[in-house]
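I wanted a look at the overall fold first and at a couple of single residues after that.

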Amino acid sequence: MEFFDLLSPVFFLLAAAGAVVGIIFGAIPGMTATMAVAVCLPLTYSLGLQEGLALLLGLYVGGISGGLVPAILLNIPGTPSSITTTFDGYPMAQKGEAERALKICIVASLFGGLFSAVVLFFFAPLLSDFAIKFSYVEKFLMILFALTVIASLSRNMLVGIFSGLIGVFLSLIGTYDLSNGGNGEYRLMFEFMEPYLESGFSLLPVLIGLFGIATIIEQAEKGVKEESAERKVQLSNGAPFQFRVFRNQFVNLVRSSTIGTFIGMLPGIGGSAASVLAYTQQKNLSKNPEKMGKGAPEGLVASESANNGLTGGALIPLLSLGIPGDSTTAVLIGAFTLQGLQVGPLFIGENIDTWYAMITALLFANLVMFAVMFYAIRYIAKVVLVPKFILYPIIIMMCVVGAYAINYGIMFDVWTLLIFGVFGWVATKIGLEIAPLVIGFILGGSAEVYFVKSLESYGTLTIFFTKSPIAVALWLLILASVVFSILVHRKSKAAKASV
């Protein structure tokens, strides 16, 4: 009871507001949960840590869930994780069962979100207790493993590795801090840049630029067209929603939520992989696989419970190891940075009230998401037609003001925002992977410190292979991720060749 006494009505109000705003972001094609969190991140500067996290976690949950609306009504995934929702959702909408499809997805989203929050509550502290035993060697290998997993599950492994290395390179620009064993000298920059980059690029403008400005530039390139009359929202004249549709779906719900939560634990993979894997698994085990893709409720259940299961799963490596599970949790690191906290093995034990607040916010945001979407879906559905020429200027203004205010009014942070916005757009055009790049940028500085400290402590490179059984196990995991990637890419090439 003492913990709940610490939570104010503002805490729950912010979690609810975050969920509603997140739903709106997710429901507008081209916007994502990551963008919602990145754009609203500067707002948490004036809030306490717990209130700020309540807002951001609400945005995260709402943003992931909101993507189902355009997926069903327009056959356009609102977020990348909603791709498989289009397979059965849009055919149901064409049959006049759009409202039924939406409500099936909303209930499945609630189950997946609550399931992952429970797993987070019980599993993250156990992993933290284990990770406390890590020396600098194991911490370096853990980061190396995270980067190889991200790279191996990219569309192209070499491009994924290259993108991660670019991120690491960018993180090393500046001075190597004396407190971390460095020499304090400038590196990886021209002389005229030294006054601006003594401490390197600021994390938050980089994240907002890559996930906010870059997205808007990409959408602007496509053209902001006036919506045609054909895309007016029509919900339903067909069969009404009934809860008995879930009568035979419990195993599907649990299995898909488990897949989503597990995929979320693997750094940088994302919700699209979780929903595709859960959907494929359900199709393989279905009694009527021929109906999937033609408007089968079981397909919607698998897709939405998996991508909402991702929310709690992605927080597990963030809070227990300090490694983001996906791009949105990478942005969440910014909230901790603003408050002067570092996530990692000691975080839960040293910030127990914040830990309980996060679990409470996650559970509450899922309940708000369900209540708002289930009972007001007819109104929320109209969000898909909000004119982007009104929306985008407001978002750009929020990004610029937020970047300027984060470090007490440094104009170079605004230039950082714009530079990385353009860089993110160019990177996607030439085929670079943004997720490995961002994780590399966030973890690059820590990887360097752990590497140097390991050499200072043990004096030989062989220590990375012989330090402990944990180190050996991590090398085996790194090797397995690389081998897995090679096999998958060979299989995909063989499949393309046979077509």
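I started with the secondary structure and found 22 helices and two strands in the chain. I keep in mind that this is a predicted model.

Next I looked up burial. Of the 499 residues in the chain, 55% are buried. For the surface, I noted an accessible area of about 22000 Å² for the chain, with 66% of that belonging to carbon and sulfur atoms.

Then I turned to contacts. I took those between residues at least 6 apart in sequence, and 79% of them join residues at least 24 apart.

Entry on T85. I found T85 in helix 6, which covers residues 85-94. Is T85 buried or exposed? T85 counts as buried because its relative accessible area is 0%, and the cut-off for buried is under 20%. I also listed what T85 touches, leaving out residues up to four places away in sequence. The list holds L68, A71, I72, Y90 and C105, and it goes on with L300, S303, E304 and N307.

Entry on F389. I placed F389 in helix 18, residues 388-406. The relative accessible area of F389 is 59%, so I wrote F389 down as exposed, the cut-off being over 50%.

Key
Residues numbered from 1 in each chain as written. Predicted model: local features only at pLDDT ≥ 70, side-chain atom pairs only at ≥ 80, totals over all residues. Heavy atoms only, no water. Helix = DSSP H or I, 4+ residues; strand = E, 2+ residues; numbered from the N terminus. Buried < 20%, exposed > 50% of the residue type's maximum accessible area, 1.4 Å probe, protein only. Contact = heavy atoms within 4.5 Å. Areas by Shrake-Rupley, 256 points an atom, 1.4 Å probe, with all protein chains shown as cover.
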